[in-house]
Amino acid sequence: MQGFGVDIGGSGIKGCLVDLDAGRLIGERLRIETPQPSLPEPVFDVVARIVDSFGWTERVGVTFPGVLKSGVAHTAANVDKSWLGTDLAAGVAERIPGPVETLNDADAAGLAEMRYGAGRGRNGVVLMLTFGTGIGSALFVDGRLVPNTEFGHIQVDGEDGETRASAAAREREELSYPDWALRVDRYLDVLEGSVWPDLIIVGGGVSKKAHKWVPLLSTRTPVVPAELQNDAGIVGAALAAVERAEA
């Protein structure tokens, strides 16, 4: 079975056809820089351009870096604040031929990892964290998603955790992986005290270099890199679009 997913991020928007039996992309994904400023209308246009470039006309899954309720954005930490109250699903649906399913970007990545990747077959409390422009989170209890967790914004030493521990913070401050790992460790220490997960999966672009920082963490919870790496959001979006249509 095939699906199509688009992953909206603070720095890039990417999409691709997805093999939903194997949980992997079909061919090369298309990535386009997120318009700056990241206003809704230009972002809708980029999403439509990506979908159109593949000739896809069926249901599409689209992720967003914030809380979504019935397709409407309620937070917008790493995109323009004009997104607040914007109906992402309606805006995209006006520009593409097929129906649209929307969800939080980290939730999408988590769905993909739980179905095809590092969380496959795992029960208990599993926490997926995506390190990028910010820190996204997806929480699963016995395989069921608790949607729209925003653990990147938990307070760590007086500021949002993602302010100091995101991948963007590492790049912005030109931190070495050992120095950045200390910040991630502190963030996870605070998070563990609230959630008590049984497994933490770390994703985003930095998961490709997990060997440089994951072994340096001192968490009591096992931490493993995402297996789908930076494709997880696209795969999870396509998966959600198909499964929610069937529900």
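Q: Where does Thr86 lie?
A: Thr86 is in the loop between strand E6 (72–73) and helix H2 (88–93). Helices (H or I, at least four residues) and strands (E, at least two) are DSSP runs, numbered from the N terminus.

Q: What kind of model is this, and how are residues numbered?
A: It is a predicted model, with residues numbered from 1 along each chain as its sequence is written. Local features need pLDDT of at least 70, side-chain atom pairs count only at pLDDT 80 or more, totals for chains, interfaces and linings use all residues, and side-chain values use heavy atoms, leaving out hydrogens and water.

Q: Back to Thr86: buried or exposed?
A: Thr86 counts as buried, at 15% relative accessibility. Buried means under 20% relative accessible area, exposed over 50%, and partly exposed in between (1.4 Å probe, protein chains only).

Q: What does Thr86 touch?
A: Pro40, Phe44, Gly71, Val72 and Ala73, not counting residues up to four places away in sequence. Contact means heavy atoms within 4.5 Å.

Q: New topic. Which peptide bond is cis?
A: A cis bond joins Gln36 and Pro37, with omega about 0 degrees. Pro37 sits in the loop between strand E3 (24–33) and helix H1 (40–53).

Q: Where are they?
A: Asp142 is in the loop between strand E9 (135–141) and strand E10 (144–146). Trp196 is in the loop between helix H6 (177–195) and E13.

Q: Is Trp196 buried or exposed?
A: Exposed, with a relative accessible area of 56%.

Q: What about the sheet with E13: what is the strand order?
A: The order is E10-E9-E8-E13-E14, in an open sheet of 5 strands with mixed pairing. Two strands pair if DSSP finds at least two bridges between them. E10 and E14 are the edge strands, each pairing on one side only. The twist averages 30 degrees from one strand to the next.

Q: What packs on that sheet?
A: H3 does, touching E8, E9, E10 and E13, and its direction makes about 50 degrees with that of E9. H6 lies across E8, E9 and E13, at about 145 degrees to E8. Axes are lines fitted to C-alpha atoms, for helices over the stretch in contact, and angles run from 0 to 180 degrees between N-to-C directions.

Q: Which strands does E13 pair with, and in which sense?
A: E8 (residues 125–131) pairs with E13 in the parallel sense over 5 bridges. E13 and E14 (residues 223–225) also pair in the parallel sense, over 3 bridges. Ile200 is the bridge partner of Leu127, and Val223 in E14 is the bridge partner of Ile200.

Q: And which way do E9 and E10 run?
A: Antiparallel, joined by 3 bridges. Leu139 has Val146 in E10 as its bridge partner.

Q: How many residues of E13 are buried?
A: 5 of its 5, over residues 199–203. Leu199, Ile201 and Gly203 point one way, and Ile200 and Val202 the other way. In a regular strand the side chains alternate between the two faces of the sheet.

Q: Which residues have the most contacts inside the largest nonpolar core?
A: Val18, Leu20, Ile201 and Val235, in a core of 28 residues. Such a core is a set of buried Ala, Val, Leu, Ile, Met, Phe, Trp, Tyr and Cys residues joined through side-chain atoms within 4.5 Å. Strand E2 (12–19), H3, E8, E9, E13 and H7 each give two or more residues to it. H7 gives the largest share, 8 residues.

Q: What does Leu20 contact?
A: Leaving aside neighbours within four places in sequence, its contacts are Met1, Gln2, Gly3, Tyr116, Val235, Ala238, Leu239 and Val242.

Q: At what angle do H3 and H7 pack?
A: H3 (residues 105–116) and H7 (residues 232–246) pack at about 85 degrees, axes 7 Å apart. That makes H3 roughly perpendicular to H7. Under 35 degrees counts as roughly parallel, over 145 as roughly antiparallel, 65 to 115 as roughly perpendicular and the rest as oblique.

Q: Last one: how many bridges does E2 make with E1 and with E3?
A: E1 (residues 2–8) and E2 pair antiparallel over 7 bridges, and E2 and E3 pair antiparallel over 7 bridges. A hairpin joins E1 to E2 through 3 residues. The E2 and E3 hairpin has 4 residues between its strands, and Gly23 in the turn has a positive phi of about 70 degrees.
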